[in-house]
Amino acid sequence: MKKIGVVLTNLGTPDAPTKEALKVYLEEFLKDPRVIEEPKWKWYPILYGIILNTRPQKSAEKYQEVWDNGSPLLNITKAQAEKLTQLLPENYQVEIAMRYGNPSIESAIKKLIADKVDEIVIFPLYPQYSAATTASVMDKVGEVLRELRYFPALRVLGAYYQNPYYIDACVERIRESTKGLELDKYVFSYHGMPRQTYLDGDPYYDQCLETTRLIAERMGEPLERFETVFQSRFGRAEWLQPYAAQFFEEAPGNAITKIAVFCPGFSADCLETLEEMAMENYELFMESGGEAYTFIPCINSDDLHIEMMKDEVLK
């Protein structure tokens, strides 16, 4: 029987919530040309002269707020891999990897090759495709394979925002978290991207809007009850809009005072959901006159989410 290895990949995490660990992590992340699409001569002086001297300490303090016996993203990804292993046939072996940080994509691929798998399935855990996420994973995979004499057959999985199991997992999580609540809006927050990436042909923005539409349709709710926003803006360039922080600040003035916030673009809770959305933007909304802000956790290792993974792998 053919032995198949699966690599679940996510964005990444520092090894510890410290200034030193964050400097290593942020350097790897922000040096990726898929993430910062600027020429090195223009970007590196900013990165090494300013950002890596100021941001690590600030980021470390934020990570300390959510660190619980390790990185939330890493712990959740491990749980996802364990549950997926139980659902897949015995000839499947599941490993995890981070695009930035540890465990690395290189270590996962080399482990599967050492274990003599006949095929490797790369599964980027990004519901929507973006060059800065899915394509960056493939850049790294190519970089690893380029140094190897031998590697087995390779299969790459893409965006899965249309997978019924994924949509049902989101709906189940939202309903469980908002049962009995009176809400003015469901707010779906996706990670932001520079607007220029969309103009250059990246389908991420359209796939985010379609994700919101599919979830609303499955919930049987009018689309007008849902607001799609984009978070985590970085730098001065124009990013995809509406900006999450701006929406939360202005919403109470527009008679939107009771909201539930969900992040469908994240396959696991992480700094951007647990700190930025559950804490930082909660405070912004309430200080601006909001009455109720319900943060809905990601679908993490929920059963339907793992069923989606099984479905995608076995297709």
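Tutor: Domain bounds come from an automatic or database domain assignment. On that basis the protein is divided into domain 1 (4–159) and domain 2 (164–296), with C-alpha centres 24 Å apart. The model is predicted, so local features need pLDDT of at least 70 and side-chain atom pairs pLDDT 80 or more, while totals for chains, interfaces and linings use all residues. Residues are numbered from 1 along each chain as its sequence is written, and side-chain values use heavy atoms, without hydrogens and water.

Student: What makes glutamate 280 and lysine 62 a salt bridge?

Tutor: A salt bridge requires a side-chain nitrogen of Lys or Arg within 4 Å of a carboxyl oxygen of Asp or Glu. The N to O distance for glutamate 280 and lysine 62 is 3.6 Å, so the pair meets the definition. Between domain 1 and domain 2 the count is one salt bridge.

Student: Which element gives the most to the side of domain 1 that touches domain 2?

Tutor: That element is α2, with seven residues.

Student: How do you know what area is buried between domain 1 and domain 2?

Tutor: Buried area is the accessible area (1.4 Å probe) that two parts lose on being put together, summed over both. For domain 1 and domain 2 the value is about 1,800 Å², of which carbon and sulfur atoms give 66%. By contact (heavy atoms within 4.5 Å), 23 residues of domain 1 meet 22 residues of domain 2.

Student: Where does helix α10 bend?

Tutor: Helix α10 (residues 271–287) bends at asparagine 281 by about 35°, the angle between axes fitted to the seven residues ending there and the seven starting there.

Terms used. Helices (H or I, at least four residues) and strands (E, at least two) are DSSP runs, numbered from the N terminus.
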